[in-house]
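Visitor: Please take me through the shell around the ligand and the parts of the chain that go with it.

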Amino acid sequence: NRIAVLISGNGSNLQALIDASQSGEIPGEIVAVISDKADAYGLQRAKDAGIATQVIAAEPGESRAQYDQRLGAELIRLNLDLVVLAGFMRILSGPLVERFAGRMFNIHPSLLPKYTGLNTHQRALDAGDSEHGCSVHFVTAELDGGPVILQAKVPIFPGDEADDLAQRVHQQEHRIYPLVVKWFCDGRLSMVDGEARMDGQAL
Ligand code: GRF
(Lines give C-alpha, C1' and ligand atoms only; values in the text may rest on other atoms or scores of the structure.)
Protein backbone atom coordinates (compact mmCIF):
# COMPACT_ATOMS: atom_id res chain seq x y z
CA ASN A 1 0.00 0.00 0.00
CA ARG A 2 1.24 3.43 -1.02
CA ILE A 3 0.30 6.11 1.49
CA ALA A 4 0.66 9.90 1.48
CA VAL A 5 0.24 11.89 4.68
CA LEU A 6 -0.86 15.53 4.49
CA ILE A 7 0.08 17.84 7.35
CA SER A 8 0.24 21.51 8.33
CA GLY A 9 1.98 21.42 11.68
CA ASN A 10 3.62 19.41 14.40
CA GLY A 11 2.93 16.02 12.90
CA SER A 12 2.65 13.91 16.03
CA ASN A 13 0.04 11.78 14.29
CA LEU A 14 2.38 11.52 11.31
CA GLN A 15 5.05 10.26 13.73
CA ALA A 16 2.72 7.58 15.05
CA LEU A 17 2.03 6.47 11.47
CA ILE A 18 5.73 6.48 10.57
CA ASP A 19 6.50 4.34 13.62
CA ALA A 20 3.72 1.88 12.82
CA SER A 21 4.78 1.61 9.20
CA GLN A 22 8.45 1.14 10.03
CA SER A 23 7.71 -1.50 12.65
CA GLY A 24 5.66 -3.44 10.12
CA GLU A 25 2.42 -3.01 12.05
CA ILE A 26 0.97 -1.19 9.04
CA PRO A 27 1.47 -3.17 5.82
CA GLY A 28 2.08 -0.02 3.84
CA GLU A 29 4.72 2.54 3.03
CA ILE A 30 4.45 6.28 3.53
CA VAL A 31 5.80 7.37 0.17
CA ALA A 32 5.27 11.10 0.63
CA VAL A 33 4.55 13.71 3.26
CA ILE A 34 3.00 16.88 1.88
CA SER A 35 2.58 20.09 3.85
CA ASP A 36 0.91 23.35 2.90
CA LYS A 37 3.18 25.10 5.40
CA ALA A 38 6.94 25.29 4.79
CA ASP A 39 7.70 25.48 8.52
CA ALA A 40 5.64 22.47 9.62
CA TYR A 41 7.71 20.45 12.10
CA GLY A 42 6.25 17.27 10.64
CA LEU A 43 8.41 17.81 7.55
CA GLN A 44 11.47 17.30 9.74
CA ARG A 45 9.98 14.13 11.18
CA ALA A 46 9.51 12.81 7.64
CA LYS A 47 13.05 13.70 6.61
CA ASP A 48 14.43 12.02 9.72
CA ALA A 49 12.58 8.89 8.65
CA GLY A 50 13.90 9.10 5.09
CA ILE A 51 10.50 9.93 3.60
CA ALA A 52 10.17 12.28 0.61
CA THR A 53 8.61 15.61 1.50
CA GLN A 54 6.92 18.32 -0.49
CA VAL A 55 5.60 21.74 0.39
CA ILE A 56 2.55 22.69 -1.62
CA ALA A 57 1.71 26.14 -0.31
CA ALA A 58 -1.20 28.25 -1.45
CA GLU A 59 -0.09 31.00 -3.77
CA PRO A 60 -1.31 34.58 -3.37
CA GLY A 61 -4.65 35.01 -5.06
CA GLU A 62 -5.01 31.33 -5.83
CA SER A 63 -8.55 29.99 -5.53
CA ARG A 64 -9.41 26.88 -3.54
CA ALA A 65 -10.21 25.07 -6.79
CA GLN A 66 -6.82 25.96 -8.25
CA TYR A 67 -4.96 24.85 -5.14
CA ASP A 68 -6.88 21.60 -4.96
CA GLN A 69 -6.16 20.94 -8.60
CA ARG A 70 -2.42 21.31 -8.01
CA LEU A 71 -2.53 19.14 -4.92
CA GLY A 72 -4.75 16.58 -6.64
CA ALA A 73 -2.40 16.32 -9.62
CA GLU A 74 0.46 15.53 -7.26
CA LEU A 75 -1.55 12.95 -5.34
CA ILE A 76 -2.54 11.25 -8.59
CA ARG A 77 1.07 11.28 -9.80
CA LEU A 78 2.12 9.49 -6.61
CA ASN A 79 -0.14 6.56 -7.53
CA LEU A 80 -1.51 6.20 -4.02
CA ASP A 81 -3.73 3.68 -2.35
CA LEU A 82 -4.50 5.95 0.58
CA VAL A 83 -4.39 9.64 1.52
CA VAL A 84 -4.17 10.38 5.24
CA LEU A 85 -4.96 13.87 6.52
CA ALA A 86 -3.14 14.39 9.81
CA GLY A 87 -3.58 17.94 11.02
CA PHE A 88 -3.89 19.26 7.46
CA MET A 89 -5.57 22.61 8.04
CA ARG A 90 -7.21 23.14 4.68
CA ILE A 91 -10.67 22.24 3.52
CA LEU A 92 -10.58 20.11 0.37
CA SER A 93 -13.20 20.70 -2.29
CA GLY A 94 -15.61 18.23 -3.88
CA PRO A 95 -13.77 17.05 -6.99
CA LEU A 96 -10.58 16.20 -5.09
CA VAL A 97 -12.45 14.49 -2.29
CA GLU A 98 -14.50 12.49 -4.77
CA ARG A 99 -11.38 11.40 -6.66
CA PHE A 100 -10.22 9.71 -3.45
CA ALA A 101 -13.60 8.63 -2.10
CA GLY A 102 -13.15 5.69 0.25
CA ARG A 103 -9.37 6.18 0.18
CA MET A 104 -8.98 9.35 2.23
CA PHE A 105 -9.08 9.61 6.03
CA ASN A 106 -9.08 12.47 8.47
CA ILE A 107 -8.66 12.55 12.22
CA HIS A 108 -10.68 15.07 14.18
CA PRO A 109 -10.28 15.92 17.88
CA SER A 110 -13.87 15.46 18.99
CA LEU A 111 -16.48 12.79 19.32
CA LEU A 112 -18.13 13.50 15.97
CA PRO A 113 -20.78 14.57 15.13
CA LYS A 114 -20.06 16.88 18.07
CA TYR A 115 -17.79 19.89 17.50
CA THR A 116 -16.84 19.93 13.86
CA GLY A 117 -14.37 22.68 12.98
CA LEU A 118 -11.89 24.36 15.33
CA ASN A 119 -11.30 24.79 19.09
CA THR A 120 -12.93 21.50 19.93
CA HIS A 121 -11.28 21.07 23.35
CA GLN A 122 -12.39 24.46 24.64
CA ARG A 123 -15.87 23.91 23.26
CA ALA A 124 -16.20 20.57 25.06
CA LEU A 125 -15.10 22.27 28.31
CA ASP A 126 -17.45 25.22 27.81
CA ALA A 127 -20.34 22.83 27.23
CA GLY A 128 -19.62 21.11 30.55
CA ASP A 129 -19.16 17.73 28.87
CA SER A 130 -17.93 14.86 31.01
CA GLU A 131 -16.19 13.14 28.12
CA HIS A 132 -14.42 14.05 24.93
CA GLY A 133 -12.30 12.26 22.37
CA CYS A 134 -11.29 11.86 18.76
CA SER A 135 -12.67 10.35 15.58
CA VAL A 136 -11.17 8.89 12.43
CA HIS A 137 -13.51 9.26 9.48
CA PHE A 138 -13.65 8.93 5.73
CA VAL A 139 -13.36 12.32 4.08
CA THR A 140 -16.38 13.56 2.15
CA ALA A 141 -17.20 17.03 0.84
CA GLU A 142 -18.86 17.88 4.14
CA LEU A 143 -16.36 19.35 6.63
CA ASP A 144 -15.62 16.76 9.35
CA GLY A 145 -18.85 15.14 8.21
CA GLY A 146 -17.80 11.88 6.54
CA PRO A 147 -18.72 8.51 8.03
CA VAL A 148 -16.88 7.70 11.25
CA ILE A 149 -14.68 4.60 11.35
CA LEU A 150 -13.34 4.62 14.90
CA GLN A 151 -13.54 6.85 17.95
CA ALA A 152 -11.73 6.93 21.28
CA LYS A 153 -13.13 8.58 24.39
CA VAL A 154 -11.31 10.33 27.21
CA PRO A 155 -12.72 11.59 30.48
CA ILE A 156 -12.91 15.29 31.31
CA PHE A 157 -11.80 15.99 34.89
CA PRO A 158 -12.74 19.00 37.02
CA GLY A 159 -10.16 21.74 36.56
CA ASP A 160 -9.08 20.53 33.12
CA GLU A 161 -7.94 23.19 30.71
CA ALA A 162 -7.96 22.93 26.95
CA ASP A 163 -4.28 21.93 26.89
CA ASP A 164 -4.79 19.09 29.36
CA LEU A 165 -7.58 17.79 27.23
CA ALA A 166 -5.67 18.21 24.00
CA GLN A 167 -2.83 16.12 25.44
CA ARG A 168 -5.17 13.40 26.62
CA VAL A 169 -6.91 13.29 23.24
CA HIS A 170 -3.62 13.24 21.34
CA GLN A 171 -2.54 10.09 23.14
CA GLN A 172 -5.66 8.40 21.85
CA GLU A 173 -5.19 9.80 18.34
CA HIS A 174 -1.76 8.19 18.20
CA ARG A 175 -3.34 4.88 19.12
CA ILE A 176 -6.37 4.81 16.82
CA TYR A 177 -5.00 6.38 13.63
CA PRO A 178 -2.36 3.71 12.96
CA LEU A 179 -4.95 1.06 13.76
CA VAL A 180 -7.43 2.38 11.19
CA VAL A 181 -4.69 2.71 8.57
CA LYS A 182 -3.70 -0.88 9.28
CA TRP A 183 -7.30 -2.01 8.78
CA PHE A 184 -7.43 -0.17 5.47
CA CYS A 185 -4.15 -1.68 4.29
CA ASP A 186 -5.44 -5.11 5.24
CA GLY A 187 -8.36 -4.47 2.86
CA ARG A 188 -10.99 -4.42 5.59
CA LEU A 189 -12.42 -0.89 5.24
CA SER A 190 -14.65 0.59 2.60
CA MET A 191 -17.14 3.38 2.11
CA VAL A 192 -20.33 2.28 0.36
CA ASP A 193 -23.25 4.67 -0.25
CA GLY A 194 -21.72 7.13 2.18
CA GLU A 195 -21.47 4.51 4.91
CA ALA A 196 -18.29 3.17 6.54
CA ARG A 197 -17.92 -0.60 6.43
CA MET A 198 -15.50 -3.03 8.00
CA ASP A 199 -15.33 -6.58 6.68
CA GLY A 200 -18.48 -5.72 4.72
CA GLN A 201 -20.49 -4.75 7.81
CA ALA A 202 -21.75 -1.25 8.54
CA LEU A 203 -19.81 0.44 11.32
C1 GRF B 1 -4.83 16.69 15.87
O2 GRF B 1 -5.43 17.08 17.06
C3 GRF B 1 -5.86 16.27 14.88
O4 GRF B 1 -6.97 15.68 15.44
C5 GRF B 1 -6.24 17.56 14.23
O6 GRF B 1 -5.05 18.29 14.16
C7 GRF B 1 -4.16 17.87 15.18
C8 GRF B 1 -2.87 17.49 14.53
O9 GRF B 1 -1.85 17.24 15.47
N10 GRF B 1 -6.87 17.32 12.96
P11 GRF B 1 -0.44 16.70 14.97
O12 GRF B 1 0.08 17.70 13.94
O13 GRF B 1 -0.63 15.34 14.40
O14 GRF B 1 0.43 16.70 16.19
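Guide: Helix H1 (12–22) and strand S5 (104–108) each give at least two residues to the shell around the ligand; helices (H or I, at least four residues) and strands (E, at least two) are DSSP runs, numbered from the N terminus. This is a predicted model, in which local features need pLDDT of at least 70 and side-chain atom pairs count only at pLDDT 80 or more, while totals for chains, interfaces and linings use all residues. Residues are numbered from 1 along each chain as its sequence is written.

H1 supplies the largest share of the shell, 3 residues. In total 14 residues surround the ligand, the closest being Asn10, Ser12, Asn13, Gly87 and Pro109; a residue is near a molecule if its C-beta atom, placed from the backbone, lies within 6 Å of it. By class the shell has 6 nonpolar, 7 polar and 1 charged residues (Ala, Val, Leu, Ile, Met, Phe, Trp, Tyr, Cys and Pro count as nonpolar, Asp, Glu, Lys and Arg as charged, and the others, Gly among them, as polar).

An unreviewed UniProt entry lists Arg64, Met89, Arg90, Ile91, Leu92 and Asn106 under "binding site"; UniProt positions are in the numbering used here, feature names are shortened, and annotations may be inferred rather than shown by experiment. Of these, methionine 89 sits in the loop between strand S4 (82–85) and helix H4 (94–99), and arginine 90 lies in the loop between S4 and H4. Methionine 89 is partly exposed because 14 other C-beta atoms lie within 10 Å; arginine 90 has 16 such neighbours inside 10 Å and so counts as partly exposed (buried means 20 or more other C-beta atoms within 10 Å of a residue's own, exposed 12 or fewer, partly exposed in between, with C-beta atoms placed from the backbone).
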